[in-house]
Amino acid sequence: MRLSLCNEVIREAEFARQCAMAAEMGYAGLELAPFTLGEDAWRMPASRRAEIRRAAKDAGLAISGLHWLLVAPAGLSITTDDKAAWAHTVEVMRALVGMCGELGGSYLVHGSPAQRRIAGQGDRKAAAQRAEAAWAAIADDAAAARVAYCIEPLAPQEADFLNTLDEAAAIIGRIGKPALRTMIDTSATAQVEKEPVAGVVRRWMPTGLVAHVQLNDRNRRGPGEGDDRFAPVIRALKDTGYDGWLAMEPFVYRPDGPSCAARAIGYVRGLLEALE
């Protein structure tokens, strides 16, 4: 298991400095939120992509993947009944799949709760079907780019559509494309699933549907900054043979982003070392 930092935690820094900071803290990768790279990151020129690859390589980092996919540009939605807006959203998703592959990433995490809301869309069932159609539309692109496109279950206070791993698995099963997967966000999992996170890991990892893990406390801070205990989660990941990325994704930065990032990796590396 390799450790990655979600780059929005230190987004105030210029990108090359983000890479250097993450490497200095001991991270092996950065998980990129496209909006941190500009409003039109989804269509950035080849020259800019080359700069990003070079900055990461110079720091000894990998770009592990992408997340927070649809924050920018404004107006994106996979559930909207506006055909033009829906088609543009799929265009952005497809472009981000290609960008992830070009940057060397292995996964995309489709959370983006504001851009998948079904409330206010009229027919809720039809809105959910439009979301499913959007994921189906880019599944072959993900396969061609050799990346996993992960549908992320989120807690109800964040998203009013697709909250559990069971719901994600049902959509994946209906679409039937191997590049379409799901993932475990420990904060959302702790809030939504009926069993402890470690039990969820032990139940779902053997299915082959889980392609990625993000670590955060249910209080929306980093691992080790709340009451959630991660030792059983890390042990469950090890016991089930997970060998992918563990990405630190806090949403609340106290006292600041760099301090939060440093504390998270220190805590998780200590747990990993205890299992060696």
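In which loop does P255 lie? P255 lies in the loop between β8 (245-248) and α9 (257-274); helices (H or I, at least four residues) and strands (E, at least two) are DSSP runs, numbered from the N terminus. The peptide bond that leads from R254 to P255 is cis, with omega near 0°.

Before I continue, two remarks on the model. This is a predicted model, in which local features need pLDDT of at least 70 and side-chain atom pairs count only at pLDDT 80 or more, while totals for chains, interfaces and linings use all residues. Residues are numbered from 1 along each chain as its sequence is written, and side-chain values use heavy atoms, with hydrogens and water left out.

A cis peptide bond also joins A72 and P73, with omega at about 0°. P73 is placed in the loop between β3 (62-66) and α3.

Let me turn to helix α4. Helix α4 (residues 124-145) has 22 residues and spans 32 Å from its first C-alpha to its last, close to the 32 Å expected at 1.5 Å a residue; the expected span is 1.5 Å times one less than the number of residues. At A139, α4 bends by about 35°, the bend being the angle between axes fitted to the seven residues ending there and the seven starting there. Among the buried residues of α4 are R130, E132, W135 and A139. Here, buried means under 20% relative accessible area, exposed over 50%, and partly exposed in between (1.4 Å probe, protein chains only). The cover over these buried residues includes α3 (83-103), β5 (148-151) and α5 (165-175), where contact means heavy atoms within 4.5 Å.

Next, consider two residues with positive phi. L162, in the loop between β5 and α5, has phi near 65° and is not a glycine. L162 counts as buried, at 3% relative accessibility. R220, in the loop between β7 (210-215) and α8, has a positive phi of about 75° although it is not a glycine. Is R220 buried or partly exposed? With a relative accessible area of 32%, R220 is partly exposed.

Finally, S187 lies in helix α6 (residues 186-192) and is buried, with a relative accessible area of 3%. Leaving aside residues up to four places away in sequence, S187 touches N216, D217 and R218. The C-alpha atoms of S187 and G26 are separated by 23 Å, and these residues are 161 residues apart along the chain.
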